[in-house]
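This report describes a model of two protein chains, beginning with the chains themselves and then turning to their contact and to selected local features.

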Amino acid sequence: MLEQLNARLDTLSSSLQLRSARQQVLASNIANVDTPGYVARDIDFGAALENALTGKVRRPLEQTNVRHLTVTSTDGLIGNPLAYTVQTQPSLDGNSVDLDQQRANFTDNAIRYESTLRFINGHVKTMLSAITGQ
Amino acid sequence: MSMFNILGVSGSAVSAQAQRLNVVASNLANADAVAGPDGKAYKARQVLFQTLPGNDPGTAGVKVRHISESDAPARRTFEPNHPSADAEGYVTHSNVNPVEEMVNMISASRSYQNNVEVMNTAKSLMLKTIQMGQ
């Protein structure tokens with residue numbers, strides 16, 4: 001029963017962590033908009049979330065006894081391979097940041113981060129009303 | 001917590017852009033400076049940015065690596081009555097190009113604003129995150 005309640009929260013928390021990691025990568029791109037030779041990077045969110053959920057990058061605790069709790073570490077979540085963005089306008093200094101695109105991605109990611117937060121809050125409220133039984 | 005890294009990344013960019021603005025201000029202030037008795041006039045300066053790799057993959061701040069002096073030839077005008085004129089009657093001015101500096105200033109100020117915006121977004125997301133589950 002408790003696992004059912006937790007399963008959804010697990011997905012949402014993985015999603016939130018990935019959003020936060022992506023936000024960080026996008027902030028780095030925006031920060032380096034004037035740095036010669038900087039190559040813009042991004043996270044393929046869909047693939048990264050799938051990796052995180054299917055446990056590809058998770059390093060589960062080793063269980064030597066069947067009665068051990070299954071605990072998964074989300075440590076490797078950010079270890080997903082980062083991709084390079086496609087350069088839209090080649091520049092002489094080798095910088096591949098498209099500022100407009102990055103700003104749009106940043107805002108988009110911020111909104112999605114916030115919506116994930118709302119989903120979590122809604123889920124917590126649902127669980128609270130379930131366990132108070134009123 | 002990775003969201004805090006955004007403040008570090010954008011903070012480094014803001015400080016680098018501020019230094020760039022400082023250099024532009026110094027160039028513009030010395031745009032009309034003439035050479036002293038040694039015949040050496042002010043030379044336009046320019047900052048050179050470099051990526052500052054962060055702890056997490058994909059995150060990178062920015063720092064000013066070097067401030068270079070322009071090798072452009074100094075502007076010389078024929079003013080025999082000028083107190084700083086040389087034996088041939090020429091006055092050596094600084095090699096600052098005010099138009100270039102104004103463009104540089106606008107670019108630096110836009111980048112500065114962008115990074116401040118990124119920090120504001122990160123801050124509001126963090127504030128919402130600490131209210132999670134309430």
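## Elements of the two chains

How many helices and strands does chain B have? In this predicted model, chain B has two helices and four strands, and, read from the N terminus, these elements come in the order α-β-β-β-β-α. Chain A, by comparison, comes to three helices and two strands, which follow the pattern α-β-α-β-α along the sequence.

## Overall shape and burial

The radius of gyration of chain B is 22 Å, whereas a compact globule of 134 residues would have one near 14 Å. The C-alpha trace of chain B spans about 80 × 25 × 20 Å along its principal axes.

Of the 134 residues in chain A, 28% are buried, and for chain B, also with 134 residues, the buried share is 28%. Among the contacts in chain A with a separation of 6 or more, 72% are between residues 24 or more positions apart; in chain B, the corresponding figure is 62%.

## Confidence in chain A

The pLDDT of chain A averages 83, and 84% of its residues score at least 70. Within chain A, confidence is lowest in helix α2 (residues 45-54), with a mean of 82, and highest in α3(A), with 92. Over residues 72-76 of chain A, however, the pLDDT falls below 50, although this stretch has 12 contacts in the model beyond near neighbours in sequence.

Which elements of chain A give two or more residues to the side that touches chain B? The contact as a whole takes 27 residues from chain A and 29 residues from chain B, and on the side of chain A the elements that give two or more residues are α1 (2-31) and α3 (99-132). By class, this side of chain A has 16 nonpolar, seven polar and four charged residues.

## Helix α3 of chain A

Which residues of α3(A) are buried? They are Gln102(A), Asn105(A), Phe106(A), Asn109(A), Tyr113(A) and Thr116(A). An α-helix has 3.6 residues a turn, so residues three or four places apart point the same way.

## A loop residue in chain B

Ala72(B) is found in the loop that lies between β2 (60-69) and β3 (76-78) of chain B. Is this residue buried, exposed or partly exposed? Ala72(B) counts as partly exposed because it has 13 C-beta neighbours inside 10 Å, whereas a residue is buried with 20 or more and exposed with 12 or fewer.

Once its neighbours within four places in sequence are left aside, Ala72(B) is in contact with Ala44(B) and Asn95(B). The C-alpha atoms of Ala72(B) and Val96(B) are separated by 8.6 Å, while the two residues are 24 residues apart along the chain.

Methods:
Residues are numbered from 1 along each chain as its sequence is written. Chains are lettered from A and ligands numbered from 1 in the order in which they are written. This is a predicted model: local features need pLDDT of at least 70, side-chain atom pairs count only at pLDDT 80 or more; totals for chains, interfaces and linings use all residues. Two residues are in contact if their C-beta atoms, placed from the backbone, lie within 7 Å. Ala, Val, Leu, Ile, Met, Phe, Trp, Tyr, Cys and Pro count as nonpolar, Asp, Glu, Lys and Arg as charged, and the others, Gly among them, as polar. The radius of gyration is taken over C-alpha atoms; the globule rule is 2.2 Å times the number of residues to the power 0.38. pLDDT is the predictor's confidence in each residue, from 0 to 100.
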